[in-house]
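Trainee: I have a chain to go through and some questions about it. Can we look at it together?

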Amino acid sequence: MFKNYLKIAVRNLLKSKSFSFINITGLAVGMAGVILILLWMQNELSIDQYHENKDRIYAVWNKAVFDGKIQCWSVTPKPLAAAMKQDYPEIEQVTRKRGADGLLLTVKEKKLVASGSFVDSNFLNVFTFPLVQGNKNSVLKNMSSIVITEKLAKRLFGNEDPMNKTILIDSSDNFTVTGVLKDLPNTTDFAFDYLIPWSYSTKLGWDDQYWGNNSVKTYAELKPGVNIAAFGNKVKDVTKRHSKNEEDVEVFLHPMAKWHLYSSFENGKIAGGKIVVVRMFGLIALFILVIACINFMNLSTARSEKRAKEVGIRKVVGAGKKLLIGQFIGESVLLSFIAGLFALLLVQLSLGAFNDLVNKQLYVPYASPWFWLSAIAFILITGLLAGSYPAFYLSSFKPVSILKGTFKSSGALVTPRKVLVVLQFSFAISLIISTIIVQKQIVYAQQRQSGYVRDGIVYTFLKGDLEKNYSLVRNELLSSGAVTSVTKTSAPLTEGWSNSWGIGWEGKEPNSKIVLDRYVADNNIVKTAGFKLVAGRDFDLDAYKTDSLGIILNESAVKVMGFKDPIGKIVKDNGRDWHVVGVIQDFILQSPYQPTVPMVIEGAMGWFNVIHMRLNGANSATANMAKVEAIFKKYNPAYPFDYRFIDEEYAQKFDGEKRTAKFVGLFAALTIFISCLGLFGLAAYMAENRVKEIGVRKVLGASIFSITTLLSKDFVKLVVIAILIASPMAWYGMNKWLDGYAYRIQVSWWLFAMAGFGAIFIALITVSYQSVKAAMANPVKSLRSE
């Protein structure tokens, strides 16, 4: 019986080649799209879930009330780890991590800067980062130890064994390689090429015991069986106690299972994060699969008259409904299996481009038995889903009406086939609208005034001898004609590295907590950045020596402080009195999607990490950078000259949203392609079934245009209904997405109109070929049998 059914299934596939091609192509493209999304989702859901004790590892977060709302943040004071370990027996171990980027690594003639971290000696006991060489219990015990990844070992030592080799750090301290880490997997948010002991940061003077300096990541591993709710309530006041209530901050524990997907907090409660995007693309995957299956359903039921006699004869000779259902579902599973093989081929061919799109290194785990089991289950589910309705529909035909020649497919106003077409296009149009709105939001944020002139600004980090030679470097840069202005700052103009609620001023309420971004700069910050002065002047230490304790406010800070005439006012911070010398317009320091915040720029008594330079616009960028590089190499020869352009850094702020837009756009195009493929097939069968009607109409004088309109209008009606259904769905979903942005577009009606007209146009193009072909056919051929 099975062999017989298989033969019939293969014959049907070969007999109706166009039908088979459309169905296999639609299913294969749909399944390939779903597989790609599932690979991405699986990667997102497995981030940092491979650590052995993941269920007992927690990130220590802070929360406090500001302006009546609870704010949460993930960096903590440096002394918190030791205090928690000492005070709470429920804790197995505590470890810390902070960035060590920017350190120069030298091995003989090789010099490079890599991404690294200062960590406590037990870091590799808490987290599961396997060592290829070395003992995790001892590799970080010595202050002059360094643990490197296989990738970094290859860069520094080539094919030599790196163990016990020496690496010179920052041209000052020798470190011995005590361990080699297996390269970090693509399922982690941790990013480092080397680890060095926390004790070295203490030697450099980068450690402190100040409870108000939140600057490091702290992680706690609890003992087995600890009640997290009870312990969380117990540990929350640790900062208050140790700071003697100077810091009104509560501590809470964020479980490792939620680090990646649930990192967004509102008023002290988890409010989502990347899980929103994961769910959205899971829904898109479901849409694509359903659309591909709807194609199969529609084309199978459209061919019902072709297979009606087969069903009738089988029923007459004794075939039951269950056997017929089994036969038709078996055919759909066979077709699904063929499509699945083509889908895997498509995935393999497109995976490289897809990885570039999502900025990941995804792969198909062919060696995993779980993958093949999942693939078989996926193919079976797709075949059952696609073949279920056609199987029940075809097996329900009455043999009497079929064999008497009175059977005809339904011409009712509402049929399952029409409902499926509407559902199909509703999904596709929803994705088109979403793509347009995401793109509009990106353009809206890009067109927002940044508050400074981004073009022509270059920055480099203050490393090696640049600090002591800064005056010489600055003077030579200016005299070279390559730059027009130079300034030192605490951070790049595109990043905020410091903020505080401890800044005071006359009239501030004693217990109020108002967070201000804190930035530090020396001479000519306004000139270099291109800020717009509202009042006062730029820093000028040559003319005003007291500008080392000067401060520049942005307009938001002036408003918060309530200054009517801010110039000369005193602002208190870090135990110093800063006098206001200028006011600038607000500028975007961090996210262009969020409102600007109150900000202070403190003078030269602060700390510096970066040199900014404005290039001379009269020369080419290449000529300018050649002169600049020569000067930096002259005064800082031990370090490679690494520089970045501010306009490029600013553009990277939109990368996440651009990636989302491309992601949604790609799968919107897939859904449209699959939908149109099905529509093309339906139009072909419609034209075939109405060929005699068209012949009669032509004989009676109907024009090609009128026949084309007649054949196309039914499909256009269905697309219009789909637009009416898709528009409110997309409006609701995209408004929820836009709620995550303070600086956002308003969803206008014309966006829906544009998507709707686009869908109608695509549908018309799809069906018009078959309609025009049918309208132009010679009526003599179609009416010959009459």
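**Loops, bridges and cores**

Mentor: Asn267 sits in the loop between strand S15 (265-266) and strand S16 (269-270). Strands (E, at least two residues) and helices (H or I, at least four) are DSSP runs, numbered from the N terminus. This is a predicted model, where local features need pLDDT of at least 70, side-chain atom pairs count only at pLDDT 80 or more, and totals for chains, interfaces and linings use all residues. Residues are numbered from 1 along each chain as its sequence is written, and side-chain values use heavy atoms, with hydrogens and water left out.

Trainee: What is the phi of Asn267 near?

Mentor: Most residues other than glycine have a negative phi. Asn267 is not glycine, yet its phi is positive. The value is near 55°.

Trainee: Is Lys244 buried or exposed?

Mentor: Lys244 lies in the loop between helix H8 (238-242) and strand S14 (250-255). Its phi is also positive, near 55°. Buried means under 20% relative accessible area, exposed over 50%, and partly exposed in between (1.4 Å probe, protein chains only). Lys244 has 73%, so the residue is exposed.

Trainee: How many helices and strands does the chain have?

Mentor: The chain has 786 residues, and buried residues make up 51% of them. Its secondary structure comes to 24 helices and 28 strands.

Trainee: What share of the contacts join residues at least 24 apart?

Mentor: Contact means heavy atoms within 4.5 Å. Take the contacts between residues at least 6 apart in sequence. The share joining residues at least 24 apart is 79%.

Trainee: How many salt bridges are there?

Mentor: Side chains of opposite charge can pair when their charged atoms come close. The rule here is a side-chain nitrogen of Lys or Arg within 4 Å of a carboxyl oxygen of Asp or Glu. By that rule the count is 21.

Trainee: Which residue forms a salt bridge with Glu221?

Mentor: Glu221 is buried, with a relative accessible area of 3%. The closest N and O atoms of the pair are 3.4 Å apart, and the partner is Arg56. Glu221 lies in strand S13 (residues 214-222), and its partner is in the loop between helix H2 (17-45) and strand S1 (57-66), so the pair ties together parts 165 residues apart in sequence. The residue you asked for is Arg56.

Trainee: Asp120 and Arg96 form a salt bridge too. Why does the pair tie together parts of the chain?

Mentor: The N to O distance is 2.9 Å. Asp120 lies in the loop between strand S7 (116-119) and helix H4 (123-126), and Arg96 lies in strand S4 (residues 91-99), so the pair joins parts separated in sequence. Asp120 is buried, and so is Arg96. The separation is 24 residues.

Trainee: How many residues apart are Lys634 and Glu476?

Mentor: Their side chains meet in a salt bridge of 3.3 Å, N to O. The pair links distant parts of the chain, with Lys634 in helix H18 (residues 621-635) and Glu476 in helix H15 (residues 470-480). Lys634 counts as exposed at 53%, while Glu476 counts as partly exposed at 23%. They are 158 residues apart.

Trainee: Which backbone oxygen does the side chain of Lys513 reach?

Mentor: Lys513 is in the loop between strand S20 (504-505) and strand S21 (516-520). At 13% relative accessibility, Lys513 counts as buried. Asp237, Lys240, Asp248, Glu250 and Lys513 are linked in a network of salt bridges. At 2.6 Å, the side chain of Lys513 reaches the backbone oxygen of Asp248.

Trainee: Which residues have the most contacts inside the largest nonpolar core?

Mentor: A nonpolar core is a set of buried Ala, Val, Leu, Ile, Met, Phe, Trp, Tyr and Cys residues joined through side-chain atoms within 4.5 Å. The largest has 71 residues. A second, separate core of 49 residues includes Ala28, Met41, Ile288 and Ala292. In the largest core, the residues with the most contacts are Ile429, Leu493, Phe531 and Ile601.

Trainee: Where is Phe342 found?

Mentor: Phe342 counts as partly exposed at 46% relative accessibility. The residue is found in helix H11 (residues 321-358).

Technical notes: A polar contact is a pair of N or O atoms within 3.5 Å; within protein, one must be able to donate a hydrogen and the other to accept it, and residues adjacent in sequence count only if both atoms are side-chain atoms.
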